[in-house]
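Reader: Could you walk me through the labels used for this model, setting each value against its definition?
Author: Gladly; here is what we will be looking at.

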Amino acid sequence: RLAEESGHIMNNRKGKNMRTGRYSYNAQQRSIVRPIKKVQKLAEGFAQNYDCAVICHEKKEIVSEAMMTVSAKEDIALAFYRACNIVFAQRGCTKLVNVSFLWPEDSEEAFMAELTGYIAALCQKKAVKLGLVTAGVSSFVQKAVISVTAVGYANEDFTDNDGKNQNKTLQAGSTLCMAGHAGMAGIGLLAAYGEDALTKQYTQGFIRQAQQFLDTLSIRPVKEALEDIDACIYPIQEGGVLNALWNYADGIGAGLDIDMRKIPIRQESVEISEFYGINPYLLMGDGACLISSMQPEKVCAALAKAGVSCVVIGQVTKENARVIRRDDEVRYLDKPAQDELVRIRK
């Protein structure tokens with residue numbers, strides 16, 4: 001009876017159908033930020049557009065979180081790197097991660113043990129302490145879910161209590177660069193999950209190259225290369241570079257002028273995207289990041305020296321318009337769309 005009543009309550013609270021994937025910036029404002037503000041102030045250093053908050057201002061301790069469904073160990077790695085990358089984007093260093101699993105009833109204990117061992121080995125490899133690990137089973141989930149909380153120390157305080165980024169490099173007139181390439185994580189996952197299907201059209205070497213994208217998901221090299229340069233880092237995640245551009249502009253309250261042809265993309269990404277009929281610019285882009293700076297030449301040179309590809313893709317502007325140019329064609333950036341990987345894995 002309790003289950004029936006709970007279901008009735010939830011059904012009565014349903015509004016319009018929600019899209020699978022992460023909330024948009026505006027949706028978070030409506031259903032998360034505003035309700036919190038009605039009760040209390042946001043945590044100091046709360047940065048909605050970065051998915052992190054300051055938990056100790058004096059020590060500049062910050063916390064970030066990443067959550068996703070799990071089908072294989074590659075998803076575990078993606079959640080780990082995503083949480084840690086948020087800390088790196090704040091010029092910080094991850095010291096500890098806490099992990100929580102929620103499993104469906106038909107899960108096999110051996111699979112749980114395998115993935116738990118994998119996250120432990122990953123933490124050891126990356127010199128990050130593994131803290132609390134919890135797990136539960138629920139009849140209400142169809143696939144396993146992992147939540148990774150990363151705790152670290154930031155070198156700078158970028159945010160105020162409204163979750164906005166105050167760094168001067170984000171203001172109009174700064175140059176926007178991109179390190180890495182479009183769809184890095186998504187293409188890596190597709191190459192790993194769909195290897196059997198891809199072998200019908202591509203060589204094993206080609207597929208292996210795409211799978212190796214998953215080995216470069218950390219943006220720590222970017223953070224370390226830019227230690228002495230005035231620049232702000234924004235990690236690309238679910239929804240790819242196009243969603244990141246929109247959320248980035250929303251978070252700082254500015255406009256953008258982007259040259260679409262300058263957004264870097266690998267040939268493997270182009271061909272595998274064509275194979276699956278998807279848009280690589282709307283595909284999980286973990287491992288890549290946007291970089292705003294008044295010193296773009298120094299940014300690109302420092303990253304090149306560190307072995308990280310980086311190119312200028314546009315400008316931050318005073319106007320609210322988010323312009324996307326391709327040769328003579330000019331259009332405006334669309335609102336965040338569902339990640340292509342989520343769509344094709346349904």
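Reader: Happy to start with a single residue. Why is Asp-327 called exposed?
Author: Asp-327 has a relative accessible area of 56%. Exposed means over 50%, buried means under 20%, and partly exposed is in between, with a 1.4 Å probe and protein chains only as cover. Because its value is 56%, Asp-327 counts as exposed. Before going on, a word on the source: this is a predicted model, in which local features need pLDDT of at least 70 and side-chain atom pairs count only at pLDDT 80 or more, while totals for chains, interfaces and linings use all residues. Residues are numbered from 1 along each chain as its sequence is written, and side-chain values use heavy atoms, leaving out hydrogens and water.

Reader: Where is Asp-327 found, and what is its phi?
Author: Asp-327 sits in the loop between strand 11 and strand 12. Helices (H or I, at least four residues) and strands (E, at least two) are DSSP runs, numbered from the N terminus. Its phi is positive, about 55 degrees, although Asp-327 is not a glycine. Most residues other than glycine have a negative phi.

Reader: What makes Arg-261 and Asp-327 a salt bridge?
Author: The term asks for a side-chain nitrogen of Lys or Arg within 4 Å of a carboxyl oxygen of Asp or Glu. For Arg-261 and Asp-327 the closest N and O atoms are 2.9 Å apart, so the pair meets the definition. Arg-261 lies in the loop between strand 8 and helix 10, and Asp-327 in the loop between strand 11 (322–326) and strand 12, so the pair ties together parts 66 residues apart in sequence. Both Arg-261 and Asp-327 are exposed.

Reader: How do you know that the length of helix 9 agrees with its residue count?
Author: The expected span of a helix is 1.5 Å times one less than its number of residues. Helix 9 (residues 240–252) has 13 residues and should span 18 Å; its end C-alpha atoms are 19 Å apart, so the two agree. Helix 9 is mostly covered, with 13 of its 13 residues buried. Gly-253 follows helix 9 and has a positive phi, near 65 degrees.

Reader: Why are strand 7 and strand 12 said to stand at the edges of the sheet?
Author: The open sheet has 7 strands in the order 7-9-6-10-8-11-12, with mixed pairing. Strand 7 (231–235) and strand 12 (329–332) each have a single partner strand, so one side of each is left without a neighbour in the sheet. From one strand to the next, the twist averages 25 degrees.

Reader: What makes strand 8 and strand 10 a pair?
Author: Two strands pair if DSSP finds at least two bridges between them. Strand 8 (residues 255–259) and strand 10 (residues 310–317) are joined by 4 bridges and run antiparallel, so they meet that definition. Leu-256 stands opposite Val-316 in strand 10.

Reader: Why is Gly-131 called partly exposed?
Author: Gly-131, in strand 4 (residues 129–138), has 31% relative accessibility, so it counts as partly exposed.

How values were computed:
Axes are lines fitted to C-alpha atoms, for helices over the stretch in contact, and angles run from 0 to 180 degrees between N-to-C directions.
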